[in-house]
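Q: Could you take me through a close look at one part of this model, the way its helices pack together? I would enjoy one connected account, with the cut-offs spelled out.

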Amino acid sequence: MKEERGLTTKEVERRLHQYGLNEIKDISKTTPLKILMRQIRSNFLIYLLVIAASISFFVGKTVTACTILAVIVMVIIVGFIQEFRAENAIKSLKNMLVPISIVIRNGKEQEVKSSEIVPGDILVLRNGEKIPADCVLIDSKELRVNESALTGESAEVTKDAKTGGEQANECLLFMGTYVVNGRCTAKVLHTGMNTRFGKIAGMISSTEKELPLQKKVNHIAAYMATLAIIISLLTGAIMLARSPVVNEEVLVTILILVIALSVSAFPEGFPVVLITTLASGAYRMAKKNAIVNRMSIIETLGETTIICSDKTGTITKGEMTVRKVFAGNSLFEVSGAGYDSNGEFFYENKKFNVSKDPVLSLLIRNSVLCNDSIIERTGSESEFKAIGSPTESALLVLGAKAGIFKEDIKYLRSQEIPFNSERKMMSVLCQEEKEKRVYTKGAPEYILKKCKYIQKSNGIFTFTEREKRRILEIDHKMTSSALRTLAFAYKTVKTFSKDHFEEDLVFIGLAGMEDPPREEVKEAITLCQKAGIKVKMITGDNKETALAIANEIGLKGSLMEGRELDETTDDELSRIINTISIFARVRPEHKLRIIKALKLNGEIVTMTGDGVNDAPALKEAHIGVAMGKNGTDVSRSVADLTLKDDHFSTIVLAISEGRTIFRNIRKFVTYQLSCNFAELSILFVGVLLAPFLGWEVPLLLALQILFMNLVTDNLPAITLGLNPSSYDVMENPPRRNSEILSKNFMILLIFTGILLTLLVLAAYFITFNYLGQSHEYARTVALFSLISLEIASAFNFRSFRKGVLTRRVLVNPYLFYASAISLGATFLIIYSPLNKIFETVPLSPSGFILPILASIILVAVFDLIKHLNKRNNFLDLENV
């Protein structure tokens with residue numbers, strides 16, 4: 001293959017200007033106008049209010065009609081703002097993971113945003129990467145592509161650069177498809193909407209499925225709406241039956257009241273509050289480096305009982321450093337850390353010059369040439385930035401410490417067999433001056449099986465079984481010290497046949513790499529144990545390395561190797577899998593079996609994966625987690641959650657946030673329904689008691705009910721959805737498929753609604769019957785009492801176990817501000833000229849005594865119940 005230098009910087013700038021960014025237009029994108037129209041179409045209460053306004057206009061009640069129209073506008077505006085903010089939060093999540101591609105520009109490989117690729121660019125594509133544009137192959141090695149996004153067929157398609165020109169399908173790559181094996185370089189033909197993928201973007205635009213949580217909330221709303229309509233009609237019927245005169249004005253008043261009461265008790269805000277809560281929770285998770293790809297998994301996150309985590313890069317740092325090298329019957333130590341070439345080689349505690357040992361030099365040469373990664377200086381002479389896998393990058397840094405760089409070696413890579421998880425090795429054929437050499441690296445036990453000879457300082461010798469056992473013992477000592485090992489081999493060839501590419505190799509030596517556990521992992525695993533979540537570590541490394549890491553992070557349990565998995569039936573595996581915490585030498589197909597066995601036992605499984613072959617396991621798990629830094633595009637495309645930092649502790653934080661979100665949803669649903677129930681009960685019971693106590697019905701007028709529905713119902717409910725996480729949210733076992741309204745929450749809802757009803761009716765009774773105030777004054781006291789009680793109830797619902805009187809007011813600042821707005825709006829309709837529209841009267845200072853006293857009683861009763869429940873646990877409310 002001739003050397004490709006790619007486009008120059010000036011040519012790229014010109015083409016970016018000419019073609020624009022390489023982006024697919026989202027035809028399903030939500031615009032403000034679409035959100036507004038959706039609010040109008042989907043909000044049932046708007047239709048009811050329009051009917052009420054029309055009737056008012058028809059009978060000449062212009063002020064009432066205009067007020068109802070103002071309420072309609074306010075309902076639409078509030079709903080629009082909430083949904084627009086939620087949509088923006090979701091959109092910002094999608095922009096947090098920017099696709100990156102490797103291109104050759106100015107003769108060098110470099111990373112660029114996929115959206116900045118232009119026609120004419122030379123792409124370097126490797127196993128697991130998503131193809132960002134339509135391209136024609138220049139060179140390919142063992143290339144297979146999954147084109148199911150375009151064709152719908154899951155079978156892999158073989159591609160070859162030698163099959164023809166730009167019209168031959170076998171040498172064309174299409175945007176949106178994935179490389180599933182091999183590597184290639186390709187020239188970009190089309191980008192963005194000019195690609196084949198772009199032309200059918202409208203047919204494959206993705207739409208989020210209806211959330212399971214949304215179905216549950218809609219189910220509750222339907223029941224509540226039915227109950228509201230029945231009680232509203234009953235209330236209207238009783239008022240009509242008891243009215244001494246039935247005329248047009250009475251009928252209109254009763255009809256508007258029935259509509260207002262139905263609207264008040266109809267929980268139309270549920271869907272918007274739900275999306276707002278989920279979106280804000282997802283945004284909080286994103287700030288902690290967990291990007292939610294599918295909103296529907298947030299509910300399942302809190303139910304997780306098992307985390308199956310990769311070791312490398314997730315439990316460990318993923319920044320490899322070669323610590324030991326065995327070559328030529330000698331063991332060398334290597335100093336330095338990370339991607340810094342400041343480091344020395346030591347033999348028997350003395351500095352050693354690599355050039356003096358031909359076998360060590362050959363091993364390092366092998367590690368540099370049999371390598372697909374790239375390292376670039378970051379500005380400092382010794383510090384490097386890595387593009388590629390951490391393992392291969394560590395080998396390049398090893399070469400830098402020895403002064404051996406890929407760029408300084410005159411060679412041409414003419415053939416290769418890429419690494420894959422079945423073979424666990426990689427080989428390349430390099431033309432070096434007058435000879436051809438095959439360089440191979442991979443897992444020691446796999447490489448040793450392919451080796452017939454061994455390289456020593458004084459020549460090449462037959463590799464005896466005794467020497468192989470000795471090499472395995474050295475490998476065992478390295479891995480027992482938590483080092484990850486690779487073996488290296490080579491052979492010189494004259495004629496090349498791929499069928500015998502990796503046979504009769506010459507063994508060179510071993511390299512032991514350190515990949516220490518992340519500091520926060522041990523604490524995160526302890527937190528999982530407190531939360532009743534089991535952790536299982538899965539690794540392709542051997543059992544000694546796996547056990548050493550497990551001991552460092554405090555992971556207890558037995559170990560199973562991949563070969564043992566092969567010998568175990570699915571039934572046997574499901575019986576013993578709960579006792580196993582560590583899986584070593586695992587292949588991707590093993591992960592799928594592990595997940596199926598756990599699911600068979602009723603576990604909710606969160607699974608991490610980064611490779612192409614991990615995709616089936618990620619799809620099978622309840623929650624598939626992909627790696628944002630070192631994962632492949634294939635794994636990210638099927639995952640439900642992507643970790644920007646690849647940290648294990650981020651998974652635990654995401655589970656914690658998932659638990660918090662579900663608890664907040666329970667809080668706002670129970671709170672809002674208790675308020676709706678109270679409003680229904682007050683009017684219905686008021687109508688029943690009116691003849692006996694001389695009350696004027698209705699106790700609350702239609703516009704007053706609509707005002708409460710708009711100001712005091714929805715605002716606090718939204719802010720309850722934003723309640724912060726409690727410090728001990730991870731100290732309880734996972735819930736198992738919990739309903740939002742369990743039996744105990746229903747009891748709490750009904751009890752709250754009844755208590756609010758009694759306190760408001762008592763305030764009305766005392767004001768009218770005992771203090772002798774007018775109907776208008778008593779109605780205003782009742783209105784202010786109900787609004788105050790609903791605000792106090794919202795503070796009660798911040799926590800089902802912590803009292804209001806012993807807790808800071810600003811634990812949830814959003815609730816405090818919403819309460820202040822609600823009270824301010826209430827004072828406005830009582831003391832401003834608006835009181836003529838809402839038919840309220842100004843209250844004297846003594847008029848506030850009853851509402852304040854009722855609120856204190858409500859808070860005190862709930863604080864007492866929480867205290868008693870904490871001691872006796874007669875209401876199991878999950879310590880929320």
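A: Let's start with helix H23 (residues 648–693) and helix H24 (residues 702–720), which pack at an angle of about 160° with their axes 8 Å apart. The model is a predicted one, where local features need pLDDT of at least 70, side-chain atom pairs count only at pLDDT 80 or more, and totals for chains, interfaces and linings use all residues. Residues are numbered from 1 along each chain as its sequence is written, and side-chain values use heavy atoms, with hydrogens and water left out.

A word on terms: helices (H or I, at least four residues) and strands (E, at least two) are DSSP runs numbered from the N terminus. Axes are lines fitted to C-alpha atoms, for helices over the stretch in contact, and angles run from 0 to 180 degrees between N-to-C directions.

H23 and H24 are therefore roughly antiparallel to each other; angles over 145 degrees count as such, under 35 as roughly parallel, 65 to 115 as roughly perpendicular and the rest as oblique.

Which residues meet here? On the H23 side they include Phe-668, Tyr-671, Cys-675 and Leu-683, and on the H24 side Ile-705, Met-708, Pro-716 and Leu-720 are among them; contact means heavy atoms within 4.5 Å. The residues of this H23–H24 contact divide into 9 nonpolar, 5 polar and 3 charged. Here Ala, Val, Leu, Ile, Met, Phe, Trp, Tyr, Cys and Pro count as nonpolar, Asp, Glu, Lys and Arg as charged, and the others, Gly among them, as polar.

H23 also packs with helix H25 (residues 743–770), at an angle of about 40° and with the axes 7 Å apart. That makes H23 oblique to H25. H23 passes H25 in a right-handed crossing, and the residues of their contact divide into 16 nonpolar, 7 polar and 1 charged.

For a look at another helix, turn to Leu-448, found in helix H14 (residues 444–450). Leu-448 is buried, with a relative accessible area of 6% (buried means under 20%, exposed over 50%, partly exposed in between, with a 1.4 Å probe and protein chains only). Leaving aside neighbours within four places in sequence, Leu-448 is in contact with Phe-463, Lys-468, Ile-471, Leu-472 and Phe-507. The C-alpha atoms of Leu-448 and Ala-489, 41 residues apart along the chain, are separated by 8.8 Å.

Terms used
Left-handed = near helix turned anticlockwise from the far one by under 90°.
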